[in-house]
Amino acid sequence: MTTTKTDDNQVAPKSFRIILHQEKCIGAGHCVTCAPDIFGQNEDDGVVILLNDNPPPDRLAAVESAARMCPTGVIQVTKEE
Ligand code: SF4
């Protein structure tokens with residue numbers, strides 16, 4: 001098994017999952033700025049949509065950044081070690 005080190009020297013998870021609480025989304029769009037390959041917005045109301053429900057582990061940092069930037073806590077990340 002290959003172990004991957006992240007910038008802060010932690011072992012990267014094998015995979016992670018994203019759960020969206022779309023009912024809380026206000027369409028601010030910070031998530032799309034952080035990870036445009038993973039998050040999009042509904043054309044009608046701007047609510048976040050998941051473009052990739054199985055992102056590779058190397059996108060974890062971008063997704064975690066999106067979760068931090070989201071003003072209403074829509075994005076939940078679950079790591080699978
Ligand atoms: S940053 Fe949060 S509130 Fe803004 S579009 Fe993304 S999920 Fe919705």
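Where does Cys 70 lie? Hello everyone, let's start there. Cys 70 sits in the loop that joins helix 2 (60-69) to strand 4 (75-80). Helices here are DSSP runs of H or I with at least four residues, strands are runs of E with at least two, and both are numbered from the N terminus.

A word on the source. This is a predicted model, where local features need pLDDT of at least 70 and side-chain atom pairs count only at pLDDT 80 or more, while totals for chains, interfaces and linings use all residues. Residues are numbered from 1 along each chain as its sequence is written.

Now the overall layout. The protein chain has two helices and four strands, and along the sequence they follow the pattern β-α-β-β-α-β. The chain has 81 residues, and 15% of them count as buried. Buried means that 20 or more other C-beta atoms, placed from the backbone, lie within 10 Å of the residue's own.

Back to our cysteine. Why does Cys 70 count as buried? Because 23 other C-beta atoms lie within 10 Å. Beyond its neighbours within four places in sequence, Cys 70 is in contact with His 30, Cys 31 and Ile 75; contact means C-beta atoms, placed from the backbone, within 7 Å. Cys 70 and Gly 27 are 43 residues apart in sequence, yet 9.5 Å apart in space, C-alpha to C-alpha.

Finally, the ligand. Surrounding it are 14 residues, and Cys 70 is among the closest, along with Cys 25, Ala 28, Cys 31 and Val 74. A residue is counted here if its C-beta atom, placed from the backbone, lies within 6 Å of the molecule.

Notes: Buried ≥ 20, exposed ≤ 12 C-beta atoms within 10 Å, placed from the backbone. Contact = placed C-beta atoms within 7 Å.
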